[in-house]
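Please look over the following notes alongside the sequence and the model. They are set out as numbered points.

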Amino acid sequence: MRRLYPVPSEPTPDHEWALDDLADAYAYPEPREDRSWLRANMVSTLDGAAHHDGRSQAISSDADMRIFGTLRALADVVLVGAETVRLEGYRPARAREAFAERRAAAGQAPAPVIAVVSASLNLDFSLPLFVSPLVQTLVLTGAAASPDRIRAAEQAGARVLVAGDGPGVEPLRAVAALAELGLKRQLTEGGPRLLGQFVAAGVLDELCLTVSPLLAVGSAQRITGGPDLADPERFALAAVLEEAGFLFTRYRRI
């Protein structure tokens with residue numbers, strides 16, 4: 001792996017940065033009392049496909065998965081949409097020994113919290129994500145959610161947070177509700193619909209985008225979904241790493 005921007009570096013002999021190097025490269029800004037920091041981690045092919053055959057793994061790489069693991073290990077909480085939970089077979093986040101000291105020094109739990117965003121709560125609450133996580137899974141929903149489904153989530157062991165007055169979750173309230181729990185280093189892994197909602201609400205601070213050197217053709221969704229924005233959000237390039245033709249970019253909102 002090598003850095004292309006902002007300060008170019010030579011590739012490492014084994015083409016793999018140490019995890020500490022990755023953790024330093026992707027470190028969150030110092031948490032502020034009055035706000036959180038929400039970053040997204042997504043992968044896209046050269047022609048804009050966010051998945052192949054419904055899974056993002058098919059367009060990923062070993063280096064991409066190392067960065068995926070690093071971003072999780074730095075986060076307080078991982079926000080994910082219900083559809084992504086169903087399609088990707090989400091499991092609880094695990095504690096990683098390589099990051100234990102760093103997380104302890106930052107006052108973080110051994111593993112990040114998984115926060116599932118769902119209006120309908122149409123989820124299988126018998127999954128390990130809900131019944132046997134290392135840290136309690138959160139479910140974010142709206143005030144109109146079915147009381148029976150809320151009860152099912154809580155009986156499985158999840159904690160339900162209402163972050164919207166209607167059927168859905170309001171991004172601003174979701175981010176604020178997590179911050180109130182001390183979960184300020186926030187990461188979303190999609191899916192595209194959830195990321196589109198965060199972008200439209202103006203709450204996304206940073207995008208970590210892996211550009212995969214593949215062409216998928218087909219009709220796969222982009223990394224964001226939803227109605228057009230009246231004015232596209234402008235982000236500035238912060239960093240670029242490269243390995244085996246994959247580009248690992250970071251953009252921050254201006």
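Predicted model: local features only at pLDDT ≥ 70, side-chain atom pairs only at ≥ 80, totals over all residues.

1. Gly196 touches Thr224 and Gly225, leaving out residues up to four places away in sequence; contact means heavy atoms within 4.5 Å. Gly196 lies in helix H8, where helices (H or I, at least four residues) and strands (E, at least two) are DSSP runs numbered from the N terminus. Because its relative accessibility is 13%, Gly196 counts as buried (under 20% relative accessible area, 1.4 Å probe, protein chains only).

2. Residues are numbered from 1 along each chain as its sequence is written, and side-chain values use heavy atoms, without hydrogens and water.

3. Glu189 sits in the loop between strand E7 (185-188) and helix H8 (192-201). Glu189 counts as buried because its relative accessibility is 8%. Its side chain makes a polar contact of 2.9 Å with that of Arg72 (a pair of N or O atoms within 3.5 Å; within protein, one must be able to donate a hydrogen and the other to accept it, and residues adjacent in sequence count only if both atoms are side-chain atoms). Beyond four places in sequence, the contacts of Glu189 include Asn41, Met42, Tyr90 and Leu79.

4. Strand E3 (residues 77-81) runs parallel to E7, joined by 3 bridges; strands pair if DSSP finds at least two bridges between them. Val77 has Gln186 as its bridge partner in E7.

Key
Buried < 20%, exposed > 50% of the residue type's maximum accessible area, 1.4 Å probe, protein only.
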